[in-house]
Structure formats: structure tokens, C-alpha cells
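Open the structure in your viewer and keep the selection tool at hand. The tour moves from a sheet to a surface patch, then to a helix.

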Amino acid sequence: MAPSAEQKARFPNTGAMSGVKSTLKDVASNAVREIPVDVIEENGPKDRLSFTDTDVVTLAESIKVHGQQVPIMVRPIADKPGHYKIVYGRRRLRALRSLGIPAKALVRTLSDEEAILAQGQENTQRLDPSFIEKALFAAELATSGYEQAIILDALAVDKPMLSRMTKVARSIPKSVIEQIGSAHGIGRRRWEELADQSRSDSVDLEQIAASLGLDLAMTSDDRFGLISAAITQALKSKATDRPIASPTLSIKHPDGTALAEVKETARALTFKLSKSDAPEFAQWMRNNAETELTRLYEAWQSEQTPD
């Protein structure tokens, strides 16, 4: 019996992934080096929303007392000898910068794809990023031109979930997501609901967020709740403000023949002639529409001319 997909290894033991998996196992080995923090660059796709100064201070205090327990991973920059680019461990690096001490780091020569895979695996195994953090990471990788297979492996998700993540990240303005934060208590469905609401042309989510005073909210989940409630209320208000559509006017001849229906909307007045009840008349109107409408328009114009 063939092994199921779940029994098969998520990542193959060959090629790029084999090298990446081995680097993750080297964390406790003597391959760790000390590197000055000022030669480590932080650019590249981010898998976490911006962490707060409080987060960095708390971690720095822990490192000051107990030392750096978990190394970061860096890779050499080919055209800048002696300089490195962060693969994962941005918050640890920021804390070490604040302390002014070197970083304990695994140094690996990785391609862009291998670095993304290592970054994604380390986060999945240790950091537990929230849904929206994964969604932003996925969208950023896609925008940067990474192949879908690399993104799927980096995030350990399937194609339908990747599609959902990308849809959410591209529907909600990034500035609003950054104001909300990681929102670990907010799952996929609520983010998808907010994304659906934000696609309405009748509301401006960035404007709504700016009017709420989100800085006063206690938690990231609270900020999400405020924005969600505000956009729901805005959509309800817009629906209430819409003019009530005029009823359809049915026009009949005195002999009972249905001639036409007239329907009015905010943008148009539509005449619908019945081909089943009066097919000959409908054809006659088709042939004479330009003449008859011009005549009616001129008659209307004459009524507007003052005596």
C-alpha cells in the first residue's frame, strides 16, 4: 500500500531542502560564531509584523541575564565581504544591538530560495506566527517573484490556504494591518470577513482606521475588533442612506395587452418590451426607436420652452 501524503515527509531530503534541514539541526553545534551586529543587515522579506520596543527591551533584559540562548542565522553578502544578511532572528538581533554585544550566529551560504525556506521552517517550528503575519509574508514572497512551490514549503501550507492568505493580504491595506498588529487571537475567517468588507467601494478602511484612535486600544485583538465593528457600522449606514428603488411600472393597452415595463434605478431608466405579448410591436419599436425617441425628446424640449 502506497504511503499517504501525511506519511510522506513534508520536505524532501535532497537538494536545497536537505541543506536547509541540516542547518536547523546545527543550532547546538560548535558551528555557531560571534559576529558584530553592525555588519548584519536586516533587509529582506519579513515574516513578522513589527515588534514593539517593549518586546525588544524584554528580550534584551533576558539576554543580559541569561545570555543569547538561541543563535540567529545569517548568510554572507557576496559583494560585501565581511557583511551578512539576516535569515531569521530579527528580534534577537535588535535586542543584541541595544545591548551592544556580538550576535551568536549560524553562518550559512544559502540562495534566496534556501534562505526563505529556512526562515519559514524556523518560524513554523518555534515562533508560531499569526494568520495575518503568514498572509503578509506569503504576499511579500509572491511579489518578490518567489515560485509558488517555495512559498508553500516555507509556510507549510497547501495551495487553497495560500490563495486565501494572499487574497486577505492584498484586500486589506497594509497600513491598516500594521496598525492592528499580529492579532494572534484573530483567525482566518474573521480576517477574510474584514477583507470582503474592505473591498466595498462605499467605505475607506484607511480613513476609518485613522478615526478610531487605535493607539488607545490595549491589545492587537482589541484593535482588530474596533476596526471590524466600525466598518460593519459604516456599511450599514451606507445601506440605510441608499434611495429606495422605484417600483417597476407596467404599461398595458386598454385591451389588456402588456406593452412594456419601465424600471428606474439611480443611474438609468429602462424600458422593457415584451416579445411574447406583443412581438410585432416590439419589432416595430426596434425599427423605429431612433425616430420615436427623437420625436419624444423634441416634444419634451418644446414643453421646457417658456411662452
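Predicted model: local features only at pLDDT ≥ 70, side-chain atom pairs only at ≥ 80, totals over all residues.

**Stop 1**

Select the strands in the order E6-E7-E8: they form an open sheet of 3 strands with antiparallel pairing. E6 and E8 are the edge strands; each has a single partner strand, so one side of each has no neighbour in the sheet. Look at how the strands cross. On average, neighbouring strands of this sheet are turned by 20° against each other, direction ignored.

Now zoom in on E6 and E7. E7 covers residues 258-264, and its antiparallel pairing with E6 runs over 4 bridges.

**Stop 2: the nonpolar patch**

Switch to a surface view. Select Leu249, Ile251, Leu269 and Phe271, which make a nonpolar surface patch of about 390 Å². Which elements give two or more residues to the nonpolar patch? They are strand E6 (249-252) and strand E8 (269-273).

Click Ile251 next. Ile251 belongs to strand E6. Is Ile251 buried or partly exposed? Ile251 is partly exposed, because its relative accessible area is 33%, and buried means under 20% while exposed means over 50%.

**Stop 3: a residue in helix H9**

Go to helix H9, residues 188-198, and select Glu192 within it. Glu192 has a relative accessible area of 18%, so it counts as buried; the cut-off is under 20%. Show its surroundings. Leaving out residues up to four places away in sequence, Glu192 touches Arg164 and Val168.

How values were computed. Residues numbered from 1 in each chain as written. Heavy atoms only, no water. Patch = residues over 30% accessible without salt bridge, like charges linked within 9 Å, V, L, I, M, F, W, Y side chains within 5 Å. Areas by Shrake-Rupley, 256 points an atom, 1.4 Å probe, with all protein chains shown as cover. Salt bridge = Lys/Arg side-chain N within 4 Å of Asp/Glu carboxyl O. Buried < 20%, exposed > 50% of the residue type's maximum accessible area, 1.4 Å probe, protein only. Contact = heavy atoms within 4.5 Å. Pairing = 2+ DSSP bridges. Axes fitted to C-alpha atoms, helices over the stretch in contact; angles between N-to-C directions.
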